[in-house]
Amino acid sequence: MSSRNAHGPSRRAVIQATVAAAALGSNAARAQTPPAQSGPRAGDRVFITNEDSNTLSVIDPVSDEVLSTVNLTSFDEDARPPFRFVTGNVTPTHGEMIQKPLYHGAISIHGCVPSPDSRIFATAGRGTSNLYLVDAVTLKVIGNQPNPLAGPTTAADSLTSGILVGREPHEPTFTRNGKEIWVALRGENRLAIIDVQRAMAESAGELPRGAAIRRFVPVLPGPAMVWFSAGGETAFVISQKIPRIDVFSVTYDAQGFSTTERKATIDTSAQDRFGFAPFLKISPDGREFWISQKLADGLSVYEAGGEHKLLEHLPLGDRARPNHVEFVRSERGNVAYATFGRVDDNGPDGRAASRIAIIDRSAPPGQRRVVGHFFSHGREAHGIWTDPSNSKLYVAHELDELPGSPHAGQTVCCVFDVSDPLRPRFTKQIPLGTLDLPSGKLRNKKSINLVYVRPGARSATA
């Protein structure tokens, strides 16, 4: 076995796993398939992007404990002081950490999304203008190399430079056949279209820098995110600079690669005069796309097909500051949840916490309303995702727990039983702990995106 295989799967094996998603059948038909009726299984994973520590927390949803932390920093690859995380017994602040001489690791890890077959996922470094691919089974960063200086006081791997995509990559999204990753570049007003197979090779140093980029697509200013319709024939792009949505028609060649044509631009100024929409997601039935309009404190729901007309706008209350949306449906209810960035003082046990809105989706479009809230049991709730059975819900938080709290000073992920979607029940607060580097402990901090992954199963992007 080669030294590269000893540190993770072969590039060919990962490519084959990714391309297998294309053989799953009709995308439109899959969008109508109800979720598998089973709770968390051995091998399932919850991945959380920690923006200030540049790490990925991995939670085992069977035990609801932190399983591992994926290292996207370059600290301690060399034993000499300029390369260390902790020097002179001093742990650096976040700002000092990423400014260390010769640091080549990630900066501001943010967006995260699984491939259609859930075997890999992509995460974006906003500050490093790049994209990393991670194997969801082995938890290895694809393209890492054995560290020639590995030893008792140094890291075993050298971090890949990933795939350079452009300024301010906010969120990546896989096409539904798994052949491409579309990355919203907020700082360049365009999308980078990435060939997944070539991205793996580029990340491993087997192709030159830029070889994985198929093309760029000009879009509206400040693109925050893109998501595809159930069949993949339409792409929706939201903005964090102007109140507009770009809609593209997408066709695919015999190899599964895309060609785009702008279909429409939707004016959202009546619902969002600020033009700051950070998140969108297609409903599980494929009929609607939901957008969080953060500064306008509301959600807007549009037709995924037809003329993409506005179905409803849902006000969430003063300074709610909605972040992400997730859908849960069972025999006992059909809801959408929206996490709030706002922190309220009167949370559980009198501690500060954010809220999550419950929208009853059983009512017809235009008649749906917020029917309740529940506390997230953390501060500044952000990413949110359910397991395939729609029985457990996971919520990430940006802010640490305050003094006097059970996990004071820790960033936490919270777990809820949502077997009754209208009455979520808090079950656990999971402190994310630290990445234990040879020179010291790097605390996992400021969680943004969260995704639930069952390797080999269809993901929300399938």
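This is a predicted model: local features need pLDDT of at least 70, side-chain atom pairs count only at pLDDT 80 or more; totals for chains, interfaces and linings use all residues.
Asp-420 counts as buried at 10% relative accessibility, where buried means under 20% relative accessible area, exposed over 50% and partly exposed in between, computed with a 1.4 Å probe on protein chains only. Its side chain meets that of Arg-332 in a salt bridge, at 3.5 Å from N to O, the term standing for a side-chain nitrogen of Lys or Arg within 4 Å of a carboxyl oxygen of Asp or Glu. The two partners come from distant parts of the chain, 88 residues apart, with Arg-332 in the loop between β22 (322-330) and β23 (333-344) and Asp-420 in the loop between β28 (412-417) and β29 (425-431). Arg-332, for its part, is exposed, with a relative accessible area of 52%.

Residues are numbered from 1 along each chain as its sequence is written, and side-chain values use heavy atoms, with hydrogens and water left out.

Let me stay with the charged pairs. The structure holds 30 salt bridges, and another of them is formed by Lys-445 with Asp-400, whose closest N and O atoms are 2.8 Å apart. Lys-445 lies in the loop between β31 (440-443) and β32 (447-453), and Asp-400 in the loop between β27 (392-399) and β28, so this pair ties together parts that are 45 residues apart in sequence. Here Asp-400 is buried, with a relative accessible area of 12%, and Lys-445 is partly exposed at 27%. There is also a network, in which salt bridges that share partners join Glu-51, Arg-126, Glu-168, Arg-186 and Lys-446. Finally, the side chains of Glu-188 and Arg-190 meet in a salt bridge at 2.8 Å, N to O; Glu-188 is partly exposed at 28% relative accessibility, and Arg-190 is partly exposed at 27%.

Now to helix α5, residues 196-203, which is mostly covered, with 6 of its 8 residues buried. Those buried residues are Val-196, Ala-199, Met-200, Ala-201, Glu-202 and Ser-203. After α5 comes Gly-205, with a positive phi near 80°.

Which residues other than glycine have a positive phi? Asn-89 is one of them, with a phi of about 60°, and Leu-102 is another, with a phi near 70°. Asn-89 is found in the loop between β3 (65-71) and α4 (94-98), and Leu-102 in the loop between α4 and β4 (109-114). Both positions are exposed, Asn-89 with a relative accessible area of 77% and Leu-102 with one of 56%.

Turning to the strands, 4 of them form an open antiparallel sheet in the order β18-β19-β20-β21, two strands being taken as paired if DSSP finds at least two bridges between them. β18 (279-282) and β21 (310-315) stand at the edges with a single partner strand each, so one side of each is left without a neighbour in the sheet. The twist from one strand to the next averages 15°, with axes being lines fitted to C-alpha atoms, for helices over the stretch in contact, and angles running from 0 to 180 degrees between N-to-C directions. Within this sheet, β20 (residues 298-303) is joined to β21 by 5 bridges, and Val-301 has Glu-312 in β21 as its bridge partner.

My last topic is the second largest pocket, which is lined by 17 residues, with Thr-69, Asn-71, Lys-140, Asn-144 and Asp-157 nearest its centre. A pocket here is an open set of points on a 1 Å grid over the protein atoms alone, where a 1.4 Å probe fits, with protein on both sides within 12 Å along at least five of seven lines, and lining residues have an atom within 4 Å of a point. The elements giving two or more residues to this lining are β3 and β8 (157-158), and the largest share, 4 residues, comes from β3.
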